[in-house]
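Visitor: I would like to learn how to read the packing in a model like this one. Please start with the core and then move on to the helices.

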Amino acid sequence: MRGDASLVPVGRDTSMRELAAVLAVASAIVVQLFLFGTTRVGLQKDDAGQYWQMAERPAYLARLPYTFRVLTPELAALWPGDLELGFSLVSLVALPLAATALYAYQRAVGLGPVAAWSGALLFAVSGGAIRMLTTPAYVDGLTYLTEAAAFWLLARGRFWPFVAVVSVGTLNRETALLLVALYLAVEPPSRSSWRRAALAVLVPVAVLVVVAVVKLAVGGVLTGATPLAMLAPFARTFRQDVPTLSELFDVYSTLGVMWLLAFRHLPGPTPFQRRALVYAALVVLQLTVSRGDEGRNLSHLFPVVIPLAMLDVQRTLETGGRRGLVLAVLLAASCAASMVHARWTILESGTLRYGLVAAGTALALAISWLLPLIRSAGARPTTPAESG
């Protein structure tokens with residue numbers, strides 16, 4: 001990449017030992033949630049059902065936009081046994097890897113180890129991850145991995161690995177092309193870099209075109225055996241209903257109080273994070289053509305929201321000593337409580353879930369807002385000798 005000095009991250013690369021530790025802990029959390037915290041639902045309903053049929057029959061043509069999202073169904077179909085287990089294994093592998101890539105990205109943009117660990121583990125228990133555990137036939141798990149890895153690679157200036165990750169991501173979901181817009185925002189084309197910019201755009205698009213042609217050929221569309229009209233999207237009636245409490249809770253619990261903590265730190269502390277808001281805006285704009293299940297759609301903002309929210313965890317550590325560490329752990333735990341999702345089957349009581357979300361939100365905001373007072377109260381008085 002160009003190596004624009006204004007965009008060089010202030011953090012550093014991570015060691016394999018660090019990444020292995022994050023992967024091990026995130027894997028343990030995800031597996032425990034899968035086995036004891038959630039149950040499987042909706043495996044063959046709506047878009048999850050489309051992916052299920054694609055795994056059963058590679059030639060199956062789902063309605064757009066699902067039919068070209070082939071990677072997760074194909075990987076699930078590789079498992080020789082039950083498809084449910086095949087899809088589950090994809091999610092159980094992808095989610096910890098996404099948490100690990102998110103850790104590395106957070107370190108690259110300047111967060112310390114404790115804040116980066118907190119962000120990675122909070123992703124593992126976020127509403128988006130819980131949805132992938134309860135309905136593993138969704139393709140979002142691998143897309144999370146694509147997004148986190150792409151943010152990390154771009155932040156570290158790894159051009160070809162970035163292009164490769166985005167290209168593979170288009171095999172799973174065409175929204176990986178939003179990462180191309182991220183590249184163009186972070187590395188605006190210039191006279192010296194236009195070739196790389198062109199490759200960043202054309203390679204992923206070419207991969208998606210090849211997948212589309214192959215899928216249409218296998219499905220019989222190119223030979224005329226299957227009418228192209230079969231791929232037309234399902235008719236939808238867009239209504240502007242007042243959101244219900246349940247719908248609002250679903251969106252909020254996707255990332256919980258981290259929505260609010262991140263908003264306080266906009267547009268971001270580093271040039272890279274500020275440019276990444278272009279990607280965030282495009283994710284939000286997708287809601288205009290992808291209505292319904294807004295919580296899952298907005299969960300793809302996690303590479304933007306979580307690192308911004310973890311700035312507060314890092315700042316609690318700056319209060320120093322044991323108190324700073326206790327505050328950081330308490331803040332991270334409060335963020336986790338604020339994301340308690342309706343699909344946490346170990347918490348069947350809705351009253352308990354709402355109570356935990358409210359308590360976690362209130363405590364996290366209290367720590368965040370009162371942090372300047374806490375830091376000033378803990379400051380050691382300066383002696384005349386020191387001030388002189």
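Guide: A nonpolar core is a set of buried Ala, Val, Leu, Ile, Met, Phe, Trp, Tyr and Cys residues joined through side-chain atoms within 4.5 Å. Buried means under 20% relative accessible area, exposed over 50%, and partly exposed in between (1.4 Å probe, protein chains only). The model is predicted, so local features need pLDDT of at least 70 and side-chain atom pairs count only at pLDDT 80 or more, while totals for chains, interfaces and linings use all residues. Residues are numbered from 1 along each chain as its sequence is written, and side-chain values use heavy atoms, with hydrogens and water left out.

Visitor: Which residues touch the most other members of the largest nonpolar core?

Guide: They are F123, F151, F162, M258 and M310, out of 108 residues in that core. Helix α4 gives the most to this core, twelve residues. Helices here are DSSP runs (H or I, at least four residues), numbered from the N terminus. As for M310, its contacts (heavy atoms within 4.5 Å) include Q106, L111, L122 and M258, not counting residues up to four places away in sequence.

Visitor: How do I read the packing of two helices?

Guide: Two packed helices are described by the angle between their axes and the distance between the axes. Axes are lines fitted to C-alpha atoms, for helices over the stretch in contact, and angles run from 0 to 180 degrees between N-to-C directions. Angles under 35 degrees count as roughly parallel, over 145 as roughly antiparallel, 65 to 115 as roughly perpendicular and the rest as oblique.

Visitor: At what angle do α4 and α7 cross?

Guide: The axes of α4 (residues 83-108) and α7 (residues 140-155) cross at roughly 20° and come within 8 Å. That makes α4 roughly parallel to α7. Among the residues in contact are L95, A98 and L102 of α4 and L145, A148 and F151 of α7. By class, this contact has 18 nonpolar, one polar and no charged residues. Ala, Val, Leu, Ile, Met, Phe, Trp, Tyr, Cys and Pro count as nonpolar, Asp, Glu, Lys and Arg as charged, and the others, Gly among them, as polar.

Visitor: How far apart are the axes of α1 and α4?

Guide: The axes of α1 (residues 16-37) and α4 are 9 Å apart, at an angle of about 140°. α1 and α4 are therefore oblique to each other.

Visitor: Is H300 buried or exposed?

Guide: H300 is buried, with a relative accessible area of 3%. H300 lies in the loop between α15 (294-298) and α16 (302-317).

Notes:
Helices (H or I, at least four residues) and strands (E, at least two) are DSSP runs, numbered from the N terminus.
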